[in-house]
Amino acid sequence: MAVCVAVIAKENYPLYIRSVPTENELKFHYMVHTSLDVVDEKISAMGKALVDQRELYLGLLYPTEDYKVYGYVTNSKVKFVMVVDSSNTALRDNEIRSMFRKLHNSYTDVMCNPFYNPGDRIQSRAFDSMVTSMMIQEPRFQ
Amino acid sequence: MVDAVLFELLHTEMVAELWAPDSDLDPGPGGQRTSLQVLEGMGFRVGQALGERLPREMLAFREELDVLKFLCRDLWGAVFQKQMDGLRTNHQGTYVLQDSSFPLLVRMGSGLQYLEEVPKFLAFTCGLLRGTLSTLGIRSLVTASVAALPACKFQVVIDRC
């Protein structure tokens, strides 16, 4: 379950960013911003490596004491960044991969929507509801 | 393969519609240029969406030539159910893609008949190539030329600045 999900365009501005606890949103925005440097580093490292396989999933970008940040880049250089709660240790790598795959599929659907201009902020409700399904539900205490 | 026929028919109608003698469209050369731009623009938007959807399961492209090979194999395969017959480059940003039997022209005949009518049938495809390249991060200019139907060549000049 993600705590924050962001979609960043290839020019490095956010197309979509949403986080769960609505206080402290700025902290997540800042984390996503700093993770972009790590993403760029990984992309350029991929370019120089002689390995034939170039994966789209970038893996764990960097861990902090409360959160872990994962990255994924598409062929059109659109980046997906996901921040996950560290205390949720049950999340395995292939679950994160499948979450990114769902994100990629939904982003492709947004792109094919004739009412969407590439480069605009994503306002699709279908995309919103897909992201909601991936995020933690805040526990409601009485 | 019903999809191919549907696309061909739709494309033919699109071109016919934009070329129909219309009162608000100037029928002279000025209006024709606008119609070509409209067709190219349509192809561009479709290419942008295809550029996102088609490479989905593929690994990241390593260099420009990989992107061009993707255009020749996967894009042409998805849209026209065949692969491009030839790809040439001068290694300085110009690529020539050759198709010896372009599906949108095959129905018109072979040889030199209808050669003057051909540019409007290629505008959408030029836009398609340009849109796909743009999503994949390459700014380019695409033009098409026909020496004899149904063979045609698409020239892609990459904007390197």
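This is a predicted model: local features need pLDDT of at least 70, side-chain atom pairs count only at pLDDT 80 or more; totals for chains, interfaces and linings use all residues.
**The interface of chains A and B**

Begin by displaying both chains and colouring them separately. In the contact between them, 22 residues of chain A meet 16 residues of chain B. The two chains bury about 1,800 Å² between them, and 47% of that area is on carbon and sulfur atoms. Across this interface the rule finds one salt bridge. Select A:Asp109 and B:Arg53 next: their side chains form a salt bridge, with an N to O distance of 2.7 Å.

**Helices α2 and α3 of chain A**

Now select residues 93–112 of chain A, which form helix α2, together with residues 125–134 of chain A, which form helix α3. Their axes come within 10 Å and cross at roughly 170°. Angles over 145 degrees count as roughly antiparallel, so α2(A) is roughly antiparallel to α3(A). To view the contact, show the side chains of A:Met99, A:Lys102, A:Leu103, A:Ser106, A:Tyr107 and A:Val110 on α2(A). On α3(A), the partners are A:Phe127, A:Met130, A:Val131, A:Ser133 and A:Met134. By class, this contact of α2(A) with α3(A) comprises eight nonpolar residues, two polar residues and one charged residue.

**A salt bridge within chain A**

Over all chains, a search of the whole structure finds nine salt bridges. One to select is the pair A:Arg18 and A:Asp128, whose side chains meet at 3.5 Å, N to O. A:Arg18 belongs to strand β2 (residues 14–19) of chain A and A:Asp128 to helix α3 of chain A, so the pair ties together parts that are 110 residues apart in sequence.

**A loop in chain A**

Move to A:Asn12, in the loop between β1 (2–8) and β2 of chain A. Phi of A:Asn12 is near 70°, a positive value in a residue other than glycine.

**Helices α3 and α5 of chain B**

Turn to chain B and select helix α3 (residues 64–80) and helix α5 (residues 119–135). The axes of these two helices of chain B come within 11 Å and cross at roughly 130°. α3(B) and α5(B) are therefore oblique to each other, and α3(B) passes α5(B) in a right-handed crossing. Display B:Val67, B:Phe70, B:Leu71, B:Leu75, B:Trp76, B:Val79 and B:Phe80, which make the contact from α3(B). From α5(B), the contact is made by B:Thr125, B:Leu128, B:Leu129, B:Thr132 and B:Leu133. The residues of this contact divide into 10 nonpolar, two polar and no charged.

**A cis peptide bond in chain B**

Finish at B:Leu149 and B:Pro150. The peptide bond from B:Leu149 to B:Pro150 is cis, with omega near -10°. B:Pro150 lies in the loop between β3 (140–148) and β4 (151–158) of chain B.

Methods: Residues are numbered from 1 along each chain as its sequence is written. Chains are lettered from A and ligands numbered from 1 in the order in which they are written. Side-chain values use heavy atoms; hydrogens and water are left out. Axes are lines fitted to C-alpha atoms, for helices over the stretch in contact, and angles run from 0 to 180 degrees between N-to-C directions. Helices (H or I, at least four residues) and strands (E, at least two) are DSSP runs, numbered from the N terminus. Angles under 35 degrees count as roughly parallel, over 145 as roughly antiparallel, 65 to 115 as roughly perpendicular and the rest as oblique. A crossing is left-handed if the near helix is turned anticlockwise from the far one by less than a right angle, and right-handed if clockwise. Contact means heavy atoms within 4.5 Å. Ala, Val, Leu, Ile, Met, Phe, Trp, Tyr, Cys and Pro count as nonpolar, Asp, Glu, Lys and Arg as charged, and the others, Gly among them, as polar. Buried area is the accessible area (1.4 Å probe) that two parts lose on being put together, summed over both. A salt bridge is a side-chain nitrogen of Lys or Arg within 4 Å of a carboxyl oxygen of Asp or Glu.
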